[in-house]
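Welcome to this structure. Please have a look at it first, and then read the points below alongside it.

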Amino acid sequence: MSQTLTFSLFTPLFKPNLPPSTYTPPRVHLPTIRSTLTSISLTSPDSPVQLDSTGIELDRVSHSELKENGPRSTRRTKLVCTVGPATCDGAEIEALAVGGMNVARLNMCHGTRAWHKEVIRRVKKLNDDKGFAVCVMMDTQGSEIHMGDLGLGVSSLKAEDGETWTFTIRSFDESLPQRTLSVSYDAFAEDVEVGDELLVDGGMVRFEVIEKIGPDVKCLCTDPGLLLPRANLALWRNGRLVQHHSSMLPTITSKDWLDIDFAIAEGVDFIALSFVRSADAIHHLKSYIAARSPNRNGIAEMVASRSALPFENKIVSSTYLIVMGCSSVAVIAKIESIDSLKNLEEIIEASDGAMVARGDMGSQIPLEQVPFAQQRIVHLCRQLNKPVIVASQLLESMIEYPTPTRAEVADVSEAVRQQADALMLSGESAMGLFPEKALAVLRSVSLRIERWCREERVDEEVELIKLSSSLPDVIKEEICYSAATIASKLQADALFVYTMDGHMASLLSRCRPDCPIFAFTPTASVRKRLNLQWGLVPFRLNFAEDMDNNISRTFSLLKLRDMIKSGDQIVAVSDMLQSVQVLTVP
């Protein structure tokens, strides 16, 4: 028998480290809520799929890491890879998955919908056939000023110092003239002035406007570099960003709406919304996604009638139906403009997560302010319990070279030390010469810095604010805080959380405990969304009626796969049972 110690929430061992104004211990004793969950057979994209012969699903990479290194040495930081021409076939996508890719990103600035559809199909086939759990994120193009395509079959052009290039709003039936670039914004020639500075792709190439001739703008290259199709453009005048054109452009363009419809139809897990300026755009998009959810009508009928419910406990059943009825597509806000920084808190509160898009951000604010902006966004996302991705130019040199610069390694290390949920490769994996090596660098640096932080206890103590005001949600927060504190103080091997909607797993991740968090859920879409959050190892498991039975069965299944062993210490919580249990694996 395993040794079990159960703590009631209402006699807590540890008081949360919160200011008096934000913490009031709950004093109402609620009855224990036990689930009566059975195998689920609802016909829905989010319904649990057929489990393997052992009754549990875990992706291959996490399984290998757990077997090789043990629970405490698993990687906590998640990895996002942009799929492009260099990595779009099945073998290359599988190589990235084996290398640790948790999320495959599709950038709708490039490629056709047919091309993206095929990539999505390959990712899903890889998951089904090979036992991976790679999520798919679609990134909208957005409405900021972009260059057009460079011409048929042209993937990049090199701008040299002192060369004169023409930026034009004209259309060409055939290929573009030499040193000519098209611009997506019709009023571009009217808005620019001679002497303005034009930044391409977040400042990777710079030009000075020297002449305007009708729809054409002549520019002198002052900082040479690589020009890529549909790169973002930013105008600076007298040391300040020219913003008036942005206010006239919609956050979500007609192309974006078509791409969003495509993403919903293809069942992607995340939509990353570009150039968000306020929370209104996030609310608008989320309501649109919810209205187009394939489960919406059928679930509403089941909630109204309570018929065909797979659970005896109607409270838990309703919770499950809410999870099933809501959209399975999460919205990630890309923070990359001055407006998004001004309205940062309201944007993050409205979204399901955020991306620190440092490339375009660096063209809108002074470069020396970018590190502070990154730290602020990462900190605020943790406070508000939203996953955050640090993106852009992490290993930019590896587009062309097989090893990174030492400065790039230091940059990656700082993002890991800040405990961002995920790191993202862009051009390094989309079109670089060494995508697998770039991913291997992210993985090895993440593992080493995480281990160093644990060994040296260098992580900063973060005082977490109270998120909820309702008693049930406050209880969940306190359970998770107590469980994470106990796990860290006892140096437990792992935290186990049994969750229907993933919320308690997310709360545990927010606490950043020393040990990994094994998150068990019966719902496939919840499992995949949890794959973006720090420290979570998501499993798919059909729950039994009794919580003790779930724990015993989990121990047996994980021991069978050599992921835990006898004597390991586990701290377990559940959103169906108001307690924290400390157990020893028999």
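**Notes for a first look**

1. Phe-520 stands opposite Phe-539 in strand E21 (helices, H or I of at least four residues, and strands, E of at least two, are DSSP runs numbered from the N terminus). The chain gets from E20 to E21 through helix H18 (residues 524-530), in a right-handed β-α-β crossover (with the strands pointing away from the viewer, the path from the first strand over the helix to the second runs clockwise). E20 (residues 517-521) and E21 run parallel and are joined by five bridges.

2. A word on the model: it is predicted, with local features needing pLDDT of at least 70, side-chain atom pairs counting only at pLDDT 80 or more, and totals for chains, interfaces and linings using all residues. Residues are numbered from 1 along each chain as its sequence is written, and side-chain values use heavy atoms, leaving out hydrogens and water.

3. Why is strand E21 largely enclosed by the rest of the structure? Five of the five residues of E21 (residues 536-540) are buried, so the strand is largely enclosed (buried means under 20% relative accessible area, exposed over 50%, partly exposed in between, with a 1.4 Å probe and protein chains only). Leu-536, Pro-538 and Arg-540 point one way, while Val-537 and Phe-539 point the other way. In a regular strand, side chains alternate between the two faces of the sheet.

4. For contrast, visit Gln-178, in the loop between strand E6 (164-168) and strand E7 (180-182). Gln-178 is exposed, with a relative accessible area of 73%. Its C-alpha atom is separated by 8.9 Å from that of Thr-166, 12 residues apart along the chain.

Definitions and conventions: Two strands pair if DSSP finds at least two bridges between them.
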